[in-house]
Protein chains: 2
Amino acid sequence: MPRTTAQNEALRTATRETVQTAAIRVFARDGFTAASIRTIAAEAGLSVGSIYRHYATKHELFDEFLVQATTGLAAAAARLEGPGSPIDLVREFTTAYLADLAADDGAAEFSEVVSQGFSTDTPAGTRARLLAPHRTLWQAFSAVVRRGQEAGQLADGDPDTMTVCYFATLSGLTTLRLALGHDVNLPSAELVLRMLTAATPTATLTAGSDDD
Amino acid sequence: MPRTTAQNEALRTATRETVQTAAIRVFARDGFTAASIRTIAAEAGLSVGSIYRHYATKHELFDEFLVQATTGLAAAAARLEGPGSPIDLVREFTTAYLADLAADDGAAEFSEVVSQGFSTDTPAGTRARLLAPHRTLWQAFSAVVRRGQEAGQLADGDPDTMTVCYFATLSGLTTLRLALGHDVNLPSAELVLRMLTAATPTATLTAGSDDD
DNA sequence: CCTGATAGAATGAACATTCGTTCATTCAAC
DNA sequence: GTTGAATGAACGAATGTTCATTCTATCAGG
């Protein structure tokens, strides 16, 4: 008997992880279509054939990423539905996201692939598959915002619209961070949270400019 | 002599515009690499060969888009450097951007291609070519923010960081708008502007939650 | 300790397809 | 009839994918 089953299992999962990490990096850099299997193989330090031993197609490689993304989004939604005051929940959520972005692990790349899948819907159907868990997350966040408003902790405004605007900011920051690297000044959580916590600016700030 | 020179000229520019519009739409939908010349030709209602009569390569087709983007960004920066109070300038800028996003002309698609070029740097060199006019725009915006702070019209904070956060929001909203269409609730200018105008939330809002 | 047999992982040349691109030909307007 | 725009079949390069082959780590038998 050559290798034990357990050893083969460990080898397989280790290589799968190597491939997955390399794939996400290349997907984030080049986009799904421009990312070639040969490039991913080179990034992983493996041959083309090895990729196909672990993933039947390029789409299946992307599918595993989609599963991870769905799981992560569901976990984030669950945390928002957990205990805690609204202001603490949104601050903790924002701080954690920005910390991931600032760190040099693959979190930013991961988010970037999600963002690309959303915008280009490549491969076909990606957008729909990402939309479902995103809606769950958005609804959870929106509910927290509503609770925060009722508690007087958060600013007025339609919770759904505020949620969209908030997540648009996080998404945009992710893209900028990945494109510009350390040159970009990541904002503090407090700055991002202003759109949720801001007291409505006093009328005197805008007086005299409503003549359009 | 068959057609007059003027007629040929008109035909040429008309077709060029048709091709350019179709190309931007396909670029926005599929990304530069996945957008094939055959798809662009079909979208424009022309043959493959006709595309190549007007643009030597796919890259040149994209280049014309880059020139347009650079011009537009420079124009936006110039407007910010023009007359007007800081609060009016940023509000006008935001309102105009959101109006373009809400309209069904190609403005959102245009911005989306810019965003993709930024994030994937495809074709190679696109990011650098977009970065220059963006920096100009960001610097102009940052200067307005600083003036607004000095005039007591805008909230405190590092102007550069606030600018990055602001444009990240606009970029993220563009992606969401194009991905979800009319389902997305576009925020009001006032909501986006909160991160710039918000009075710092009073300490009572955060009291008792700083125990992490 | 060595050695050879073996199961399964790793390899990369080869294939069909699709891509960007070309160009001989056709079409349309004067 | 002439000029230039429009066409689409065809070509080389690159892509995703396959599979016959090689490598590698293990352990029974000496």
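This text walks through how two chains meet in a predicted model.

Now turn to the contact itself. Chain B gives 46 residues, and chain A gives 46 residues. On the chain B side, five helices each supply at least two residues: H5 (86–102), H6 (107–120), H8 (159–180), H9 (189–197) and H10 (203–206). Which of them gives the largest share? H8(B) does, with 14 residues. Sorted by class, the side of chain B that touches chain A holds 20 nonpolar, 19 polar and 7 charged residues.

Next, zoom in on one helix pair across the contact. Helix H6 of chain A spans residues 107–120. The axes of H6(A) and H8(B) come within 8 Å and cross at roughly 45 degrees. That angle makes H6(A) oblique to H8(B). Which residues meet here? From H6(A) come Ser115(A), Phe118(A) and Ser119(A). From H8(B) come Thr175(B), Leu178(B) and Ala179(B). The spacing on each helix is worth a glance. An α-helix has 3.6 residues a turn, so residues three or four places apart point the same way. By class, the contact of H6(A) with H8(B) has 3 nonpolar and 3 polar residues, and no charged ones.

Helix H9 of chain B also supplies at least two residues to the side that touches chain A. Is H9(B) mostly covered or mostly open? H9(B) is mostly covered, with 7 of its 9 residues buried. The buried residues are Leu191(B), Val192(B), Leu193(B), Arg194(B), Met195(B), Leu196(B) and Thr197(B). Note that Arg194(B) is one of them.

Finally, go to helix H8 of chain A, residues 159–180. Leu180(A) lies in this helix. Leu180(A) counts as partly exposed because it has 15 C-beta neighbours inside 10 Å; a buried residue would need 20 or more. For a sense of scale within chain A, compare Leu180(A) with Thr57(A). The two are 123 residues apart along the chain, and their C-alpha atoms are separated by 32 Å.

Definitions and conventions
Residues are numbered from 1 along each chain as its sequence is written. Chains are lettered from A and ligands numbered from 1 in the order in which they are written. This is a predicted model: local features need pLDDT of at least 70, side-chain atom pairs count only at pLDDT 80 or more; totals for chains, interfaces and linings use all residues. Two residues are in contact if their C-beta atoms, placed from the backbone, lie within 7 Å. Helices (H or I, at least four residues) and strands (E, at least two) are DSSP runs, numbered from the N terminus. Ala, Val, Leu, Ile, Met, Phe, Trp, Tyr, Cys and Pro count as nonpolar, Asp, Glu, Lys and Arg as charged, and the others, Gly among them, as polar. Axes are lines fitted to C-alpha atoms, for helices over the stretch in contact, and angles run from 0 to 180 degrees between N-to-C directions. Angles under 35 degrees count as roughly parallel, over 145 as roughly antiparallel, 65 to 115 as roughly perpendicular and the rest as oblique. A residue is buried if 20 or more other C-beta atoms lie within 10 Å of its own, exposed if 12 or fewer, and partly exposed in between; C-beta atoms are placed from the backbone.
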